[in-house]
Amino acid sequence: MKKIILLSLIFFALLAGSCKKALDVNSTRVVNEENFWNTIEDARAGIMGVYGLTRAALADNNGHWIYGDVRMGSFASPIRQDLKAVIKNDLTAQYPVVDALSNWRRFYAIVNAANIFLERIHEVRDNDARYIQNNMDVDVAQVRFLRAFAYFYMVRIWGDVPFITSSRDGSFENMPKSDGRAILEFVQSEMAAAAEVLPYNYSVGDIQQPGQYYNESSSRWNGALVRKISAYSMLAHVAAWQGKYADVSVYTKFVMDNYTRGSIGYSDTQFLTQRNGLFYDKRNSQILGFGFIWGHQDATFTGNIESLTLAEPVVNKALPDIYLTKDSIIGIFKETNDARFNIDTTGVPHSDRYITNYQGKYPIFSKIKVMQDGSSDPTFRIFSSTIVVTRLEDITLLRAEALAVLGEREGAIAALNIIRQLRYNVDNVGKATEGNTYQAYNEAKSGALIDAIFRERQKELMGEGQRWYDQVRYQRIKQSDPKFVALLNNGGIYWPIAQSVLAQNPKLTQNSYWK
Amino acid sequence: MRIIATMTFLGVLCTTTCSFGNTARSACVSNNFSMKGSFQQQTDTSKKDTASTDTSAVGIKPIKKTITHRLESKGNSLDPKKLSIFPAVTLQQALKGESAGVYVQEPTGEPGTAQNIFIHGTSQPLLTARELFQSQPLIILDGVPLTSEHPYALDIQQYKFERIGPGTNPLSIINMDNLQSVEVLKDLSAIAAYGPKGANGVILLTTKAATSKRTITFDSYVGMATKTGVTTINGQFENNFRRQFYDKYTGNGSYTGNDVYPLYLSDSLNNAYYGPANWNDLYYKNGMVYGVNASIAGGTDRANFRFSLGSLKNEGVADETGVERYNTRFVINMKPITWLNFSAMVNGSIVDRDRNRNVRDRLTQVNYIPDLSSPVASNKEKYGQYLGEFEKGFDNNKTNSIQGYLKIGLTFDNFNWITTAGADYNEGYRDIFFPRTLLQTTNYASNYFSTSQRAFVDNVASYDWEIDDDSKFNFQAGLSAQYDSYKYQYAYAYKGANDFIKLNLLYSDPNKTSGSEEYLTPSVFRRELVFKYLDKTKNNLLSANVRATYSFKDKYTFSLMLRGDGSSTQQPTSRWFYSPIFSAAWDMKKEFFEDDATISTLNLRGSAGRMGRHESFDNYAQGPQYTAFAGFTGNLISPGYNGIATMTRPYSTGGVGYDLDWAYTDQANIGLDASLFNNRVNGSLDIYMKEDKNMLLGVPSASEYGYSAIIKNGMAIRNSGVDLTLSGVILPAEKTVSWTSSLNINYNRNELTALPGGLSELAIGDRLLRVGEAVDRYWVLNNTGIYNTDDEVPSVGGQKLSYNGIDLKAGDPIWTDLNNDNIIDNHDRVLQGHALPVVSGGFNNDFSYKKWTLGLNFYYNLGRQLMNQEMANRFDFVNREGLNNINSVREITFWEKRGDYSKYNLYNPWSSVAPYQVNQDIFVEDAAFVKLRTLSLGYDLTDIVKKNSPNVKRIYVYASVNNVFTLTKYTGQDPELVDYTGYDTGYGIQIPRTYLLGVKMDF
């Protein structure tokens, strides 16, 4: 009996001793603070996380294109009621996608991840000698850029938004909206600061980023990251949205003068529209792009323009979610000799680069069609096109726009003609012209200069999430459409804030137009 | 030791292969097999304890309930013999309606699928599978706490209708024929011994003990599950239905210039849709059910064993679903010296399941949405071709599981010690190949393997101390450790080279380290289209408890337990949770009616206390954290950025801080057990209040910091109510006709008593949690009619009544503007209905006449409402077909006429206010019902057979009909066929009416 009691006491004591150990189980599903911000790999995972969140924010519910191309744009929707509502600017309609797109949470995830990165990255620098100062400087510049980009995106969508530049871990105080214009000033200064530090390219021995970036060769980073040219290009967009066209001309000039240093170039019409062309994979010419890289198994069923626009006969889907009606195609592609879409006087199209199945009920907008790895197999609707936020053609046209507004007509026409040279180089049946001659800008044929520039932007950047913002800038300049001008004045150009966001933060008020 | 084991095993082999001769021991006491008086058996646990002790000289009983038995409810025990008459595949089916306070959900008649048990209501708002998992009771099989399917795998699923893997109900391994007793522990004094995992209640399963007397049993039943007739419809019907809307709201058959009428309804000559709607011939079929069980027990008074085998097959009536189970169990007891007992048990099962072929469930798995513009054809010929395509592939679902323990028991006079070491190990497989023809020319292969395992050590010591005849003490101490681990390996691939190679083959030449045939890269499927996932989660739980019980004159009993529980899923600063549980009992029979023969038992008892609630997810313990998730809607799992892993805060699942603590349950109950008139009337009444407090909830907040929610402590939910079990022998057994009737009833009131941070209400998705209301309510708009013209829409100051800012027009519903702000929005929604019943239970009657027995079991739910989403979907065809997503799927049952079409106004389905959104009161329906669940007729043949073969101790034959009829006002399918959310999506497969013939024999 005594023995038993003694034995059991020993047993209990042993068991108690092993208690603490047994209860310390490190999760294999998440990483806690203790095990993060220690090594260079943590820094890499952190910065890639900010990129990943940015890509997710743009791709979510195809938001980048619904905000940019679908809203009051030239597209029509055959059966999707939610997209019809967006086309009509009916943005409080009771549809899940519309509701999700009026929620800004995913953009604030970028901001929060960036804030945490900026606050904590010095710990990696302190703990891991492999993480050198230059690596940290370049990382910080990219993250600052991405945070500014998220704010830029939000201000364009919602106008005034809460302005938060620290992570405030653990005490998430509700914040009221801040003036969108002030936020844009911040965005501009952040991007400008980043632009100073960023290299033209990574792992190529750039003076601002010597050596292998994260021990990977340049082929890994081609176009995947924010570079100096990316920062200046977005600065041009930020300035244009603010109406600071003088700044636009400065930033675009920098881009025009230096793009070759970043191995960036123009794309001919063939490369622009082919399945494995500009939009496929990561490329330096995607000045700011967030890629779904086929080789990295990133291909996705949704989160791309293709899942909205493509249908029979390009892929095996009966009806497209959105399409261009024949009327709007004819209204947009009025000029002859256009290699993107070419229609002869009898109404027969000779180029299917932008539009497939023009004769059918639903012409398919097929400019971007990166199916699988850029194959022509229509049977599996997985796409790997990169979200291209801006490219050289965009910046060139933005320069033309700025110069036109500033009254530098010659420079504007010259910039516009750079693009026209690339696109208006076929004859009336779509064959390439001899010697690559092209139709230069001609006021009689193409209309007033500012109109021609915006028309060119519409054609060139169709399906790249730019149209809505172009319309806003155009109307700010021209004030030609009274309905649209009313929207400019009463805040109707902004999206409503999601009910779920308003419900959790009492300091917010609904945007005035949607009250 | 080994010799004894070997000999015993050989003994088993011999006896099973030899004939059933050997009459020497036929003088065994009959095990009192009877359909009669089941309530006495149900209620009198103490009696059963002594009875089973008699039959086995060795074997370890749970620590004897010496003086504590008065503290326990008598309304808990169920009679497994009776339950085994029902052809149940799962434990849940067997328990349905059998015990007051136990509510079982059977959302589909597909055999072997998941079912839910709620004991005394839900402790969680049932928003997702995660909360469902945390509200389920703990099942203990012979001291082995069973694991279940951890819902962490859902984290990688875009569509969460079905968890990846075999999806087989973990409790389909329980063979009711092996069970000696089933006890449902509901009050804290009883569940406290099982620790934090039992906070939602405990179901104790005790298998039949080994006996020293040689016994052989054989049971079998065979039967047929029969389909219920349905009304089918074809394209013509659907077309006519839709024409009403086109006629009313469009001029030319098209709402806007650019929409299109669905192709499948456009061609009235298309036989696939406009031909006879006879798909049901292929979909609904009668199914076979059978079960066979045999066991043998025997040994000496120093060593004995029981060995049993069982097999079961249960076919559903729809879509060729079915389940097969094989199980075996072996238990051995040894008593080498008088004070030492060894006992070992192994229970193994294999469950094979044939799943349904729903499009939705298939796409949930495939994670790719093909073009869904045309549904499956309603015509048999076309539908048959479609079904034929499944033959080219496979969908294998298998679960293997094994439970075992080794117990050592020491007994010295008043001192008892039991150490149990055991494990529960389950593995699940699902292997799939879907040929090209099923997915728009893309084929699909996937392989899944998972394990759920729990190892545990449990020590209990008990000491009885009698000071004198009046004062008795019992001291108990327990110490246990549980180690849980769950993991899975999962891979799927699209677009294999052809339909003949159905596996994801890899190149196998280790010398090729690069190039097109690189070692271990896939050869049939493209590398870029092969997706692989691994995940695992572990948690450990340590518990210690001490309990002292004091009894005075056998009249008053008091007991106090102190617990300490440490869990690895709690944050390091708050790993341990300490709590007391107090219980008391007063034997009023002894106090007042010692000599009164009419009152056989009258016992008042009560308990109050607190216990921790176990957290199954390991991430909360980590505090602020980083995850690899950086996906988005439609692509939850992005494999990183630019081929490099990402680490970000858990923005989409919810932020975690350093301040999380244990959730716990506070419970109190008072119960009265009474037996009157020589046990002719038995009753057990329990009034309970349980409040689960400080529970975690993802509170939607911090949107401006990127989070969808912040996980916070502080949610409290109270369930209070009454359990009543009442039975009476209306005609006693001595009469030629005897009649026993028993009723069990539970009334449960659920109330949310607190939200984190003192919030008074919180909207999560389309649910509203409001303090003071139940958590299972629907949040709906009041719909009172239709605006026939634009002028009927009221306006204030020239501003028309709007829905979220969109002016209402002709064809929109008249929604009540409750707060009169001229806008219909969430503020105009009200809480209505209950997804879980307010009152539920069963009503059982047993009659006997000579050797005949007749049983009638009723099951009922009252005060329960359903959301008829199936009808809402049917009317909302414009939106559902407009999107090509998982919600646009129409199954073959789209061609079945369900529900009452005339109940609903013809709103404008194109309106952007979504007139047919499901969350409005027109779709809330009363789903109360009464079912005759079992009607059985039996005959005891023992005396007749005994004349010829004296070996037979008992032989009983029976016939039964199950699921005989349902009385309900619900207009959809069977009101039972709804999942935990209460939204009837129409996916439930009929629970069939089953006809059975069975026999039970003992030798």
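In strand β35 of chain B, B:I823 is the bridge partner of B:S802. The strands named here are DSSP runs of E with at least two residues, helices are runs of H or I with at least four residues, and both are numbered from the N terminus. This is a predicted model, in which local features need pLDDT of at least 70 and side-chain atom pairs count only at pLDDT 80 or more, while totals for chains, interfaces and linings use all residues. Residues are numbered from 1 along each chain as its sequence is written, and chains are lettered from A and ligands numbered from 1 in the order in which they are written.

**The three-strand sheet of chain B**

- Strand β32 (residues 802-803) of chain B runs parallel to β35(B), and 2 bridges join them; two strands count as paired if DSSP finds at least two bridges between them.
- These strands belong to an open sheet of 3 strands in chain B, with the order β33-β32-β35 and mixed pairing.
- Its edge strands, each pairing on one side only, are β33 (806-807) and β35 (823-824) of chain B.
- Strands of a sheet pair through backbone hydrogen bonds, either parallel or antiparallel.

**Antiparallel strands of chain B**

- Strands β12(B) and β13(B) are paired in the antiparallel sense over 14 bridges, and B:R353 has B:N397 in β13(B) as its bridge partner.
- On to strand β14 (residues 415-434) of chain B, β13(B) is joined by 19 bridges, again running antiparallel; here B:Y405 stands opposite B:G422 of β14(B).
- A hairpin is formed by β13(B) and β14(B), with 2 residues between them, and B:D413 in the turn has a positive phi of about 45°.
- Strand β19 (residues 576-587) and strand β20 (residues 599-613) of chain B run antiparallel and are joined by 7 bridges; B:S583 is opposite B:S607 in β20(B).
- Strand β20(B) also pairs with strand β22 (residues 663-676) of chain B, antiparallel and over 14 bridges, where B:Y664 in β22(B) is the bridge partner of B:G612.

**The contact between chains A and B**

- The contact takes 85 residues from chain A and 83 residues from chain B; two residues are in contact if their C-beta atoms, placed from the backbone, lie within 7 Å.
- On the side of chain B that touches chain A, at least two residues each come from β13 (394-412), β16 (471-494), β17 (530-552), β18 (556-567), β21 (625-626) and α16 (877-882) of chain B.
- The element that gives the most to this side is β17(B), with 7 residues.
- The residues of this side of chain B comprise 33 nonpolar, 38 polar and 12 charged, where Ala, Val, Leu, Ile, Met, Phe, Trp, Tyr, Cys and Pro count as nonpolar, Asp, Glu, Lys and Arg as charged, and the others, Gly among them, as polar.
- Strand β1 (residues 31-32) of chain A pairs with β21(B) in the antiparallel sense over 2 bridges, with A:V31 opposite B:Y626.

**Chain A as a whole**

- Chain A contains 22 helices and 7 strands.
- Its radius of gyration is 26 Å, close to the 24 Å that the globule rule gives for 515 residues, so chain A is as compact as a globular protein of that length; the radius is taken over C-alpha atoms, and the rule is 2.2 Å times the number of residues to the power 0.38.
- The C-alpha trace of chain A spans about 110 × 55 × 50 Å along its principal axes.
- Of the 515 residues in chain A, 56% are buried; a residue is buried if 20 or more other C-beta atoms, placed from the backbone, lie within 10 Å of its own, exposed if 12 or fewer, and partly exposed in between.
- Among contacts in chain A with a separation of 6 or more, 66% are between residues 24 or more positions apart.

- Helix α16 (residues 392-406) of chain A has 15 residues, which at 1.5 Å a residue should span 21 Å, and its end C-alpha atoms are 21 Å apart, in agreement; the expected span is 1.5 Å times one less than the number of residues.
- Because 14 of its 15 residues are buried, α16(A) is largely enclosed by the rest of the structure.
- Just after α16(A), A:G407 has a positive phi of about 90°.
- A:R423 lies in helix α17 (residues 409-423) of chain A and counts as buried, with 21 C-beta neighbours inside 10 Å.
- Residues up to four places away in sequence aside, A:R423 touches A:T269, A:D338, A:A339 and A:R340.
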